[in-house]
Amino acid sequence: TLKRDGNNIVYELYISFIDASLGTSLEVPTIDGKVRIKIDPGTQSGKILRLKEKGIKELNGYGRGDQLIYVNVWTPKSLTTDERDILEKLRNAPNFQPNPNKNDK
């Protein structure tokens with residue numbers, strides 16, 4: 001659902017842990033129709049993406065707001081046995097330990 005915030009449009013985007021980790025390309029709605037965006041590998045939940053001038057036109061007609069996309073990483077509430085086994089194998093791997101100060105680039 002698109003929500004208005006002043007002249008900006010806000011959209012809550014939910015992506016899987018896998019798409020957040022590997023990156024992906026997907027379509028999101030705007031007030032002008034769908035657009036394709038890129039989710040970079042390693043995207044963190046809480047990241048805000050900005051689509052310039054995809055919001056509401058200014059009253060005086062000299063500008064336009066932006067669309068803000070709030071990225072939320074979806075965590076499954078239940079897992080199959082196979083899914084659980086795969087995740088258990090990754091649980092203690094160094095790349096899966098939270099480390100907000102690590103610079104991966």
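**Charges, fold and aromatic pairs**

Modeller: The chain carries 17 positive and 14 negative side chains, with the centres of the two sets 3 Å apart; here Lys and Arg count as positive and Asp and Glu as negative, while His and the chain ends are not counted, and each charge is placed at NZ of Lys, CZ of Arg, CG of Asp or CD of Glu. This is a predicted model, in which local features need pLDDT of at least 70 and side-chain atom pairs count only at pLDDT 80 or more, whereas totals for chains, interfaces and linings use all residues. Residues are numbered from 1 along each chain as its sequence is written, and side-chain values use heavy atoms, with hydrogens and water left out.

Along the principal axes, the C-alpha atoms fill a box of roughly 60 × 30 × 20 Å. Of the 105 residues, 23% count as buried, a class that means under 20% relative accessible area, with exposed set at over 50% and partly exposed in between (1.4 Å probe, protein chains only). Of the contacts with a separation of 6 or more, 44% are between residues 24 or more positions apart, a contact being heavy atoms within 4.5 Å.

Turning to the rings, a search of the whole structure finds 2 aromatic pairs. Rings of Phe, Tyr and Trp (its six-membered ring) pair if their centres lie within 6.5 Å, and planes under 30 degrees apart count as stacked, over 60 as edge-to-face and the rest as tilted. One of the pairs joins Y14 and W74, and it is edge-to-face, at 6.1 Å centre to centre with 80° between the planes. Because Y14 belongs to strand β2 (residues 8–16) and W74 to strand β6 (residues 67–74), this pair ties together parts that are 60 residues apart in sequence. Y14 is exposed, at a relative accessible area of 51%, whereas W74, at 47%, counts as partly exposed.

The rings of F17 and F96 have centres 6.0 Å apart and planes at 45°, so this pair is tilted. It also links distant parts of the chain, since F17 sits in helix α1 (residues 17–22) and F96 in the segment after α2 (81–90), 79 residues away. F17 is partly exposed at 38% relative accessibility, and F96 is likewise partly exposed, with a relative accessible area of 38%.

One backbone detail elsewhere deserves a note. Most residues other than glycine have a negative phi. E53, however, has a positive phi of about 55° although it is not a glycine; E53 is placed in the loop between β5 (48–51) and β6, and it is exposed, with a relative accessible area of 53%.

Terms used. Helices (H or I, at least four residues) and strands (E, at least two) are DSSP runs, numbered from the N terminus.
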